[in-house]
Amino acid sequence: MSILDKLMYQSRCKSPSVLHLNTGSCNGCDIELVTCLSPRYDVEQLGIHLEGSPRHADILCVTGPVTRNALEAMKTEYAQVCEPKAVVAIGSCPASCNVFAGSPVVAGPLNKHIPVDVYVPGCPPHPDAIINGIARAVVILAERGARQETQGGMQQ
Amino acid sequence: MNASSLINLFLFPGLLFAVPAAWFFTWGEHKATARMQRRIGLPLLQPLYDFIKLMGKRTPERHGIENDLRRFYPVLSVLSLLGAIALLPVFPSHLNFSGDGVVLVVLLELPSLCFILAGFTSGSVYGKIGASREAVLSGATNLVFLLSFVAIAATRHTVRLSELAGPSANPGHWIGVVGILLCIPAKLRLNPFSTSSAEQEIYAGALTEYAGGPLGFWKLAHGLEWFALTGLVATLVLPVAGGWAIHALLFVAVCFLQVMLLSAMAAGTARFTLERSIRFYWQWAAILGVLAVTSAIWMGFRL
């Protein structure tokens, strides 16, 4: 790995932009995710920041069991996040649909529609667990970016 | 072009110093906001990491003139701001010429114009709303900014920046400086004049569709805008005294102090609606601008 590759790897590890996507959540996980930005947890000191546009994001944090109404919007948002990217499923709902399993309006779980890199279980999960999940996704993101660059270089 | 001009352009306050300073001021802005919210805030090298990371992102493939324009606007913004910073008369230089103040005002206005055009060419609804808000706010702010600059120029009977530098006995000069300071939050899209980048309403406004390298350049342009605008105020208020090193240090310190104070003010205020922002600039700040020009001309006859 060259010095420039190492610098890029380190930059990806230290600057993850997160996009929060609610796909029919009860808002429990959303409240816990937003808590991570509060003075008590202050994820900005780790370089993590929340973005409004999917174009600016690296990590997609999905909450909710993926309702039919939110499915297409979620796929569009996922497609709009530029490579390299990672997906974190926050809470039990995107992992298994939780108490909404079997509902006719639910199209989940999440991994039926987009690839999921990290699961953060809990109903809702603790902010510490969410930060830990994002930290794991950051490493996956940086390694994926390095791999894509190597493959891109080999193809050229 | 001689050695001192090259130093101004490429060394201090130009390219080599301006780019790290822009990242440092961006860090200062976020740090001041974090401290106001009782948070620790981001690490010192965060803007640098953000820039490098964005350079490594794969942006969506687009074709035709739209793709070229999307890349052209942020680069033009960065270049115009680097030019504006190089014109600041921190040291005596041959880069200064008669009428360079007018060039500086034009160069400071170009990023705003690019921001508006970028929003309209993005094709995004949010981008267009952000761009139209920026256009309206820019029109309101520029009246006060230009009146203040004209007032400062009238106190010295010149638009040469090297002759405008330093404090003046004319009250028109100081009212003009206050007028420019009032325009900085709107030009930098800070609270309470941040309607064009209101993330709770229109995501990232004109920059919603931007990603990767061009977005990195927009963020760099924002830091350079901090440096250029606060640098203009610093040159107008700092007396030219002492050695060049002390003067340079004082210049950077005054710029950084403005960054911290304006960011703290932004963190402590809520966002105005567009209508209220325009009313502020066209009513209250415009009165200040007219007062500055009147005072400068009146005192110019008496002094």
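In the predicted model, V118(A) of strand β5(A) is the bridge partner of V88(A). Strand β5 comprises residues 118–120 of chain A and runs parallel to β4(A), to which it is joined by three bridges. Helix α3 (residues 68–80) of chain A forms a right-handed β-α-β unit together with β3(A) and β4(A).

Strand β4 of chain A, residues 86–90, is mostly covered, five of its five residues being buried. The cover extends to both faces of β4(A). One side carries A86(A), V88(A) and I90(A), and the other carries V87(A) and A89(A).

The loops of chain A contain several backbone features. Most residues other than glycine have a negative phi, and most peptide bonds are trans. V66(A), in the loop between β3 and α3 of chain A, is not a glycine but has a positive phi of about 65°. The relative accessible area of V66(A) is 0%, so this residue counts as buried. D42(A) also has a positive phi, of about 40°, and is not a glycine. The loop between α2 and β2 of chain A holds D42(A), and with a relative accessible area of 1% D42(A) is buried. In the loop between α3 and β4 of chain A lies P84(A); the peptide bond leading from E83(A) to P84(A) is cis, with omega near -5°.

The loop between α2 (28–35) and β2 (49–50) of chain A also contains L37(A). L37(A) has a relative accessible area of 32% and is therefore partly exposed. Together with V34(A) and L50(A), L37(A) makes a nonpolar surface patch of about 220 Å². Membership of such a patch requires a relative accessible area over 30%, a cut-off that the 32% of L37(A) passes.

Chain B contains twelve helices and zero strands. Its radius of gyration is 19 Å, close to the 19 Å given by the globule rule for 303 residues, so chain B is as compact as a globular protein of that length. The C-alpha trace of chain B spans about 60 × 45 × 45 Å along its principal axes. Buried residues account for 56% of the 303 residues of chain B. A cis peptide bond is found in chain B from F12(B) to P13(B), with omega near 0°. P13(B) is located in the loop between α1 (3–11) and α2 (15–36) of chain B.

Terms used:
Residues numbered from 1 in each chain as written. Chains lettered and ligands numbered in written order. Predicted model: local features only at pLDDT ≥ 70, side-chain atom pairs only at ≥ 80, totals over all residues. Heavy atoms only, no water. Patch = residues over 30% accessible without salt bridge, like charges linked within 9 Å, V, L, I, M, F, W, Y side chains within 5 Å. Areas by Shrake-Rupley, 256 points an atom, 1.4 Å probe, with all protein chains shown as cover. Salt bridge = Lys/Arg side-chain N within 4 Å of Asp/Glu carboxyl O. Helix = DSSP H or I, 4+ residues; strand = E, 2+ residues; numbered from the N terminus. Buried < 20%, exposed > 50% of the residue type's maximum accessible area, 1.4 Å probe, protein only. Right-handed = clockwise from strand over helix to strand, strands pointing away. Pairing = 2+ DSSP bridges. Rg over C-alpha atoms; globule rule 2.2 N^0.38 Å.
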